[in-house]
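The following explanation leads the reader through selected parts of a structure, from a pocket to a helix and then to a single side chain.

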Amino acid sequence: MKKRVSFITLGCKVNQYETNAMMQKFQENGYEIVEIDNVSDICVVNTCTVTNMSDRKSRQALRKVKDKNKDAIIVATGCYAQSSKEELEKMPEIDVVLGNEEKRDIVKYVEKYFEQNQKLTAVQDISVQKEFEDMGQISYTEKIRAVIKVQDGCNQFCSYCIIPYARGRVRSRKIDSIIKEIEQIAQKGIKEVVITGIHVASYGKDFDNENTSKKIRLIDLLEAINKIDGIDRIRLSSLEPTIVDEEFATRLSKLDKICDHFHLSLQSGCDETLKRMNRKYTTQIYRDAVATLRKYYPEASFTTDVIVGFPGETDEEFAKTYEFLKEIDFYRLHVFKYSPRRGTVAEKMPNQIDGNKKEERSNKLIELSNSTENKHNQSYIGKTVKVLFEEFEDGFFKGHTTNYMMVKVADEEEQSDKFVNKILDVKIKENNDETRELIGILS
């Protein structure tokens, strides 16, 4: 009988990609992948450490799976395991602790544990890694959209962020490897790929030391992906505004598969706060990047992340952020209350902000986000848009437009696979103000 393996994935799209890779490794070695709610022989928790809350959620997930699967082998891997292996080694629930670079050999380590029947830890110093650790061609995906990891690591060292210590320095994946993987994905009928990494805007910068006459950057990779038959949509994950200049936007606009949704990193709309965060841009640089993209993508939607309550953020600084967010006119905001992260510069900064103040500012930005999202949605009533349908739920087919608006179409026949993974024209009839979903009919 095959051993059963279940997974919990916390954090970013990179973690999701790496979970898919680990699932494929287990399948190739004769294991059965099951849902986390099922009884498992091995439970893998792919952890996150971006905030102290992420650490806590990771520990909670590990304890929860052990409670449900008392006889299972519990494996902790991911960024929390990479940065805090000593903490995890002390948890009695955990049998195996693996760092980020060890994920590709997870089957080997699990089988080694079975042989030795004793706790096992394998976490190498990720700061010394210079080359991208390719996990092979990953065609495993549970959904109609495939996440493709093209880069790892970050050299930015923002004052609030632990990720460079958990992921190491910038390491880019070879274009040939990426293209081969996406070609395999296309052969499975997947129509949309999401290009992701820890700091995607840095793609190719580590190649500059190699003997090559031509610098390779993200736009070169995107031009190569755009040529792949079978892929209809290329969606970008988070980008730094510093990557956007006239040349980038011009070349990008010539690629017919690029989705016009841009998640541009911001964190604060106040220059003084950005400087304390050690961000590498100003609000004017950000403003120019948005204007440049809107020139080529008039229907583009912009989303971003905002941290409220960063150390030293005065009422005046928050007001500047609020007005900047209104000026840019984002489609949606992802709002985070600053949480001191052990081991970062910001943890020791003076003027830490009171929790009630953070809550108040967070609520104000969430209210702004809901309002602007509904405003943008309302402007689409009566328009016809192309929707890639992803699932059938509660009598509706659901999917996204290229600019990442959620659209629902009712179906009385309730044939759950009728429209899934198809791109169809939908005429928008109304917007649900509460769920901020557009409702339409096939046109």
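The paragraphs below treat these parts in turn.

The model is predicted, so that local features need pLDDT of at least 70 and side-chain atom pairs count only at pLDDT 80 or more, while totals for chains, interfaces and linings use all residues. Residues are numbered from 1 along each chain as its sequence is written, and side-chain values use heavy atoms, with hydrogens and water left out.

The lining of the second largest pocket comprises 17 residues, of which A201, R217, T242, I243 and D245 lie nearest its centre. Helix 8 (218-225) and helix 9 (246-253) are the elements that give two or more residues to this lining. A pocket is here an open set of points on a 1 Å grid over the protein atoms alone, where a 1.4 Å probe fits, with protein on both sides within 12 Å along at least five of seven lines; lining residues have an atom within 4 Å of a point. Helices are DSSP runs (H or I, at least four residues), as are strands (E, at least two), numbered from the N terminus.

Within helix 9, F248, A249 and L252 are buried, meaning under 20% relative accessible area (1.4 Å probe, protein chains only). They lie on the same side of helix 9 because they cover an arc of only 95 degrees around the axis, taken from the directions from the helix axis to the C-beta atoms. The buried residues of helix 9 pack against helix 8, strand 11 (261-263) and helix 11 (283-296).

S172 lies in strand 8 (residues 171-172) and is buried, with a relative accessible area of 4%.

Notes:
Buried < 20%, exposed > 50% of the residue type's maximum accessible area, 1.4 Å probe, protein only. Contact = heavy atoms within 4.5 Å.
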